[in-house]
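Hi,

Here is the structure I promised to pass on. Have a look at it first, then read on for what turned up.

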Amino acid sequence: MMGAPLTILASFTLLGILLLMVRGFSAARGANLESDYPLFDYPADYPPCPCQFVARVFSNDDSRYVLAINSPALAKLFQRERKQVALAWVRQTSAAIQRTMREHKQVSRTSHDLDAGTEFKLLLLYSELILLCGVLFVAVGSVGPLGLRRLADYAETHSQRLATVHQTVKTAAGSRELPRAGAA
Amino acid sequence: MTVAGKLVPVQAAYDDLLQRSLAKLPGDLARLIYLASTRDYNTGTYHHDGLAARFRPDAAGKALGIAHRDIFYRLSAYSLEQLVEELELYLNSSHESPADVLQIWQKLEPYRVAIPLDVNPAMARLFLSNVRLALAIWRHRQKQALEPR
């Protein structure tokens, strides 16, 4: 008797996760059109986002200060501005995650001795981060960045972890290829 | 020349810049505007005659670039309250009327050109947004101060 409702619930949950992943994946698109600062002119060149960014944009400190001024117009302006800044960060993070995975795919194609366990973990981490970007994009877009600091911190830390693991694999693959090139 | 030999003049020029030119300016916002004004609009390179005379022009340019980025990141991490105080300090130390400067800043947004070239775009966006908010808060306060009680 419980089989059908559970299947429907599981299907909706799965569909929701898939939709959020699509949203997270497509978050990086259209950034140039909406941004007032050229976000992706040189995507590979820009330096990483300092850790103070998430602390500043996703915390309540500035919000408390603006609310204490007691001006509805200023509070509205603050909400709008912070939402736009937070969305720009989600786009940038999603783009950086996708760039890392694209590079990793290229390395994987030419590498001869990949570790299946590491590759699977990377794929899981990538899927998790894309899902998280989707959740953040939808949540920031609907309620703003306040209260989402833990999620943003998680996305920031783990996207950096993804980049670090990729660099390690890339360096290891490069050092294994060198003796082969020398032998040839 | 060794790497250390190349870095020392830049470090020395940077220290000199902090102690002589930047220390005299009232606050980080004034320092950011000053450093941005030493950058050539067409080439993006930094020039400072005094610093270039004491050190090499390339060392002076690099030191100006590093100082520009450092101050930009420091200012971008300021709380909104701190930034409003910085803005107030900058406007009050200006030789022009603070109200006039405020109006021009809100209309032309000249602080956009104060962003260093190679900084994280999200951080640049946060800086622009925070300055816009700080200007609106300062204007609101000025209006409140003028209103009869």
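This is a predicted model: local features need pLDDT of at least 70, side-chain atom pairs count only at pLDDT 80 or more; totals for chains, interfaces and linings use all residues.

As a bit of background, nonpolar side chains tend to be buried together in soluble globular proteins.

Cys133(A) is also one of the buried residues of H6(A), and the others are Leu122(A), Leu129(A), Ile130(A), Leu132(A), Gly134(A), Leu136(A), Phe137(A) and Val140(A). If you look at their spacing, remember that an α-helix has 3.6 residues a turn, so residues three or four places apart point the same way. I checked the length of this helix too. H6(A) covers residues 116-143, and its 28 residues should span 40 Å at 1.5 Å a residue; the end C-alpha atoms are 40 Å apart, so the two agree. Just after H6(A) comes Gly144(A), with a positive phi of about 90°.

Asn70(A) has phi near 65°, and Asn70(A) sits in the loop between helix H4 (61-69) and helix H5 (72-110) of chain A. Is Asn70(A) buried or exposed? Asn70(A) counts as exposed, because it has 10 other C-beta atoms within 10 Å and the cut-off for exposed is 12 or fewer. The other case is Glu109(B), where phi is positive at about 50°. Glu109(B) is in the loop between helix H6 (98-108) and H7 of chain B, and with 14 C-beta neighbours inside 10 Å it is partly exposed.

Back in chain A, take a look at Val54(A), which is part of helix H3 (residues 52-57). Val54(A) has 25 other C-beta atoms within 10 Å, so it is buried, given that 20 or more is what buried requires. Val54(A) and Arg149(A) are 95 residues apart in sequence, yet their C-alpha atoms are 6.9 Å apart in space. Beyond residues up to four places away in sequence, Val54(A) touches Arg149(A), Ala152(A), Asp153(A) and Glu156(A).

Now for chain B as a whole. The C-alpha trace of chain B spans about 70 × 30 × 25 Å along its principal axes. Of its 149 residues, 38% count as buried. Among the contacts in chain B with a separation of 6 or more, 74% are between residues 24 or more positions apart.

Helix H2 (residues 28-37) packs against helix H4 (residues 57-76) of chain B at an angle of about 145°, with the axes 9 Å apart. The crossing of H2(B) and H4(B) is left-handed. On the H2(B) side the contact is made by Asp28(B), Leu29(B), Arg31(B), Leu32(B), Leu35(B) and Ala36(B), and on the H4(B) side by Leu64(B), Ala67(B), His68(B), Ile71(B), Phe72(B), Arg74(B) and Leu75(B). By class, that contact has 9 nonpolar, 1 polar and 3 charged residues.

The second pair is H2(B) with H5(B), at an angle of about 65° and with axes 8 Å apart. Here Asp28(B), Leu29(B) and Ala30(B) of H2(B) meet Glu86(B), Leu87(B), Tyr90(B) and Ser93(B) of H5(B). This contact has 4 nonpolar, 1 polar and 2 charged residues.

Last, the contact between the chains. It takes 21 residues from chain B and 28 residues from chain A. On the side of chain B that touches chain A, helix H5 (80-93) and helix H7 (121-146) each supply at least two residues. H7(B) gives the most, with 13 residues. By class, that side of chain B divides into 13 nonpolar, 4 polar and 4 charged residues.

Cheers

Conventions. Residues are numbered from 1 along each chain as its sequence is written. Chains are lettered from A and ligands numbered from 1 in the order in which they are written. Axes are lines fitted to C-alpha atoms, for helices over the stretch in contact, and angles run from 0 to 180 degrees between N-to-C directions. Helices (H or I, at least four residues) and strands (E, at least two) are DSSP runs, numbered from the N terminus. A crossing is left-handed if the near helix is turned anticlockwise from the far one by less than a right angle, and right-handed if clockwise. Two residues are in contact if their C-beta atoms, placed from the backbone, lie within 7 Å. Ala, Val, Leu, Ile, Met, Phe, Trp, Tyr, Cys and Pro count as nonpolar, Asp, Glu, Lys and Arg as charged, and the others, Gly among them, as polar. The expected span of a helix is 1.5 Å times one less than its number of residues.
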